[in-house]
Amino acid sequence: MSVKVTSADVAGVRVSHPDRIIEKRAGIRKIDLVHYYASVADRMLPHLQDRPVSLVRAPEDIGGELFFQKHSQKLSIPNVKQHPGLDPGHPPLITVDTLKALIGAAQMGTVEFHTWNALVSNIEKPDRMVFDLDPGASLGWERMIEAAQLTRSLLEELGLISFCKTSGGKGLHVVVPLTKHAGWDEVKAFSQAVAQHMATTLPKYFSAKMGPQNRRQKIFVDYLRNNRGSSTVAALSARARPGLGVSVPLSWDEIATTTRGDQWTIENVLERLHDLKRDPWQGYAKTRQRITAAMMKRLDEGGGCG
Ligand code: ATP
Ligand code: MN
């Protein structure tokens, strides 16, 4: 006998319509996503803490209308923290800093969490730089692997350590931690120079121009994630796409055996997390590095990639 459940309680948050199907293909319910977030909260919250977040909400299901929400609008989300004044002329930016806030956001239909490259506590000094690698249509995954490894090598050659994660969608994201020295303009210009350098030295592989016609059979290196106010899906966030893929941090020696950007989903990532022997992003927090004029000069001169 099945009983219709009208609400459930998770981490002290009342979850309405727990049985609503939010992903039709696999028959995933709202409560399944809420439980997913509750079980990864410990690992995910450090990626959200103190970082302005944009939410992708699916009030019905992921095939219905999606809302991309950068500010705390009319709709107030329980336990989410508001930060007035950081984005002049707009309602307050928000951060999701606690388990209750994470579950509260999921209760309000949030599927995806995207974060800024800076912390509220130092909003004008980015603490990371992100390269979003997007494959052209029909490009094999082995080309994506190669592209990520080449990106890593170029950055390493410049003196920068980087980390990689699946996007949970079609591609990979390369993340470069930075100490909070440079401002947005400088970091953006630098990331553009890196993307441009890759497109110039390896034009068969990379494009730094937006638009599908520019990346046919190529990887588009999207550096525009490095603007003030831009965001990238957070590690361990689900995606509002069929199967509910998850963005998963990987160690560089795992990249070669990945198969897709949505290889891990809310249904199979828990097993990976459970079996992990060490943090795939070990060393991230201890990385102290900044972009320098000398690096920029090498990029401009067309050097750096060997
Ligand atoms: P993939 O690997 O499939 O390319 P991705 O996360 O790299 O996945 P998208 O899902 O295309 O890329 O997201 C693009 C970025 O644009 C997101 O990180 C998000 O910050 C931003 N974004 C997404 N939707 C909107 C929107 N409706 N309005 C403004 N910005 C958006
Ligand atoms: Mn992408």
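**Exercise 1. Helix 4 and helix 6**

A189, F190, A193, V194 and H197 in helix 4 make contact with M295, M296, L299 and D300 in helix 6. The model is a predicted one.

Step 1: the axes of helix 4 (residues 184-201) and helix 6 (residues 293-300) come within 9 Å and cross at roughly 30°.
Step 2: the crossing of helix 4 and helix 6 is left-handed.

**Exercise 2. Helix 3 and helix 6**

Task: State how helix 3 is oriented to helix 6, and which residues meet in their contact.

Solution. Step 1: helix 3 (residues 141-158) packs with helix 6 at an angle of about 125°, and their axes are 10 Å apart.
Step 1: an angle over 145 degrees would count as roughly antiparallel, and 65 to 115 as roughly perpendicular; helix 3 is therefore oblique to helix 6.
Step 2: from helix 3, L154, E157 and L158 meet M295, R298 and L299 of helix 6.
Step 3: the residues of this contact of helix 3 with helix 6 divide into four nonpolar, no polar and two charged.

**Exercise 3. Aromatic pairs**

Task: State how many aromatic pairs the whole structure has, and classify the pair of F163 and Y284 and the pair of Y205 and F206.

Solution. Step 1: a search of the whole structure finds seven aromatic pairs.
Step 1: the ring centres of F163 and Y284 are 5.0 Å apart and the planes stand at 50°, so this pair is tilted.
Step 2: the pair links distant parts of the chain, with F163 in strand 11 (residues 163-166) and Y284 in the loop between helix 5 (269-275) and helix 6, 121 residues apart. F163 counts as buried because its relative accessibility is 7%.
Step 3: for Y205 and F206, the centres are 6.3 Å apart and the planes are at 35°, so this pair is tilted.
Step 4: with a relative accessible area of 29%, Y205 is partly exposed, whereas F206, at 1%, is buried.
Step 5: ring pairs also link Y36, Y37 and F113 into a cluster.

**Exercise 4. The surroundings of W264**

Task: Locate W264 in the chain, decide whether W264 is buried or exposed, and list its contacts beyond its neighbours within four places in sequence.

Solution. Step 1: W264 is found in the loop between strand 16 (249-250) and helix 5.
Step 1: the relative accessible area of W264 is 13%, so W264 is buried, the cut-off being under 20%.
Step 2: leaving aside neighbours within four places in sequence, W264 contacts T166, G245, V246, V248, L250, T258, V269 and R272.
Step 3: W264 and L236 lie 28 residues apart in sequence, and their C-alpha atoms are 9.7 Å apart in space.

**Exercise 5. Positive phi**

Task: State where H17 and L244 lie, and give the phi of H17 and of L244.

Solution. Step 1: H17 lies in the loop between strand 2 (13-16) and strand 3 (21-23). Although H17 is not a glycine, its phi is positive, about 50°.
Step 1: L244 lies in the loop between strand 15 (232-233) and strand 16. Phi of L244, a residue other than glycine, has a positive value near 50°.
Step 2: L244 counts as buried, at 0% relative accessibility.

Key. Residues are numbered from 1 along each chain as its sequence is written. Chains are lettered from A and ligands numbered from 1 in the order in which they are written. This is a predicted model: local features need pLDDT of at least 70, side-chain atom pairs count only at pLDDT 80 or more; totals for chains, interfaces and linings use all residues. Side-chain values use heavy atoms; hydrogens and water are left out. Axes are lines fitted to C-alpha atoms, for helices over the stretch in contact, and angles run from 0 to 180 degrees between N-to-C directions. Helices (H or I, at least four residues) and strands (E, at least two) are DSSP runs, numbered from the N terminus. A crossing is left-handed if the near helix is turned anticlockwise from the far one by less than a right angle, and right-handed if clockwise. Contact means heavy atoms within 4.5 Å. Rings of Phe, Tyr and Trp (its six-membered ring) pair if their centres lie within 6.5 Å; planes under 30 degrees apart count as stacked, over 60 as edge-to-face and the rest as tilted. Buried means under 20% relative accessible area, exposed over 50%, partly exposed in between (1.4 Å probe, protein chains only). Angles under 35 degrees count as roughly parallel, over 145 as roughly antiparallel, 65 to 115 as roughly perpendicular and the rest as oblique. Ala, Val, Leu, Ile, Met, Phe, Trp, Tyr, Cys and Pro count as nonpolar, Asp, Glu, Lys and Arg as charged, and the others, Gly among them, as polar.
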